[in-house]
Every structure is written in C-alpha cells, then in structure tokens.
Amino acid sequence: MIPQSLKPFVNRLRQETDSGNVKWVGGAENSFFANHGAYTVYLSYSFDDDRELSVYKMSVTHQGQEAWFAVTSDEYDIQDMRDLYGSVTVSAAGFGNLATDFFK
C-alpha cells in the first residue's frame, strides 16, 4: 500500500515524469531509477508466482536515509502504481514526444 503521507508525492512524481521534468533510467530487469536533486527514486515491477500477484516496489533515498514500500495487485491503490510505472517506462525509453515524433 502507498503510505498515506507519500500519496501526494507519487501523484506529483507521475505528473513531473509525464511533463519531462523527472528523467528515468533503466536499471536491472523491470526496474528504473531517477536522480533528482539530492534524491534517488527506485521503482521496480515483478510478478509473485506463488501468490499470483503483481508487485510494484518503490524506494526513495536522501542523504543516506531510505524509505520504501510495495503495492500488490490486490490492493486498492494498484492503479496509481501501474500508471506511474507506465510513465516511467516511457521516460526511460525516451518516448516522451512519441506522438509528435512518430507522425512527422
């Protein structure tokens, strides 16, 4: 579950990613990270075969401190994480202007 205190951050992170203000880089399989100022955000996706659930994990580090959480597909805020993950993959692929670039 997204911690209540981080919901505004997750929503704004998606908006800033969509607008190109936060840039993401691919990491290990199905994971991405963004460095922004003194912060690093890490986002990953996996599928838990045993529980048959999608799992999104996010961590934020700042000055040696880390906070993390996970959201599974049986939780009510899964759509927020799916939307963010989709935006992140577009950013990491450099497809932020795809609608314009594709149809040139």
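Reader: Which residue takes a positive phi just after H2?
Author: This is a predicted model, in which local features need pLDDT of at least 70, side-chain atom pairs count only at pLDDT 80 or more, and totals for chains, interfaces and linings use all residues. Residues are numbered from 1 along each chain as its sequence is written, and side-chain values use heavy atoms, with hydrogens and water left out. Helices (H or I, at least four residues) and strands (E, at least two) are DSSP runs numbered from the N terminus. Just after H2, a positive phi of about 75 degrees belongs to Gly 94.

Reader: How far does H2 reach from its first C-alpha to its last?
Author: Helix H2 covers residues 78-93, 16 residues in all.

Reader: Which helix do the buried residues of H2 pack against?
Author: Buried means under 20% relative accessible area, exposed over 50%, and partly exposed in between (1.4 Å probe, protein chains only). On that scale the buried residues of H2 are Ile 78, Met 81, Leu 84, Tyr 85, Ser 87, Val 88 and Ser 91. Contact means heavy atoms within 4.5 Å, and the buried residues of H2 pack against strands E2, E3, E4 and E5 as well as helix H1.

Reader: Is Val 90 buried, exposed or partly exposed?
Author: Val 90 lies in helix H2 and, not counting residues up to four places away in sequence, touches Phe 95 and Gly 96. Because its relative accessibility is 36%, Val 90 counts as partly exposed.

Reader: Which side chain is joined to that of Ser 54 by a polar contact?
Author: Ser 54 is in strand E4, and at 12% relative accessibility Ser 54 counts as buried. Phe 47 stands opposite Ser 54. A polar contact is a pair of N or O atoms within 3.5 Å; within protein, one must be able to donate a hydrogen and the other to accept it, and residues adjacent in sequence count only if both atoms are side-chain atoms. At 3.1 Å, such a contact joins Ser 54 to Tyr 45.

Reader: With which residue does Lys 7 form a salt bridge?
Author: A salt bridge is a side-chain nitrogen of Lys or Arg within 4 Å of a carboxyl oxygen of Asp or Glu, and by this rule the count comes to six. Lys 7 has its closest N and O atoms 4.0 Å apart from its partner, Asp 77. The pair links distant parts of the chain, 70 residues apart, from Lys 7 in helix H1 to the loop between E5 and H2, the place of Asp 77.

Reader: How far apart are the closest N and O atoms in the salt bridge of Asp 18 and Arg 14?
Author: Asp 18 and Arg 14 both lie in helix H1, four residues apart, about one turn of the helix. At 46% relative accessibility Asp 18 counts as partly exposed, and at 33% Arg 14 does too. The closest N and O atoms of this salt bridge are separated by 3.7 Å.

Notes. The expected span of a helix is 1.5 Å times one less than its number of residues. Two strands pair if DSSP finds at least two bridges between them.
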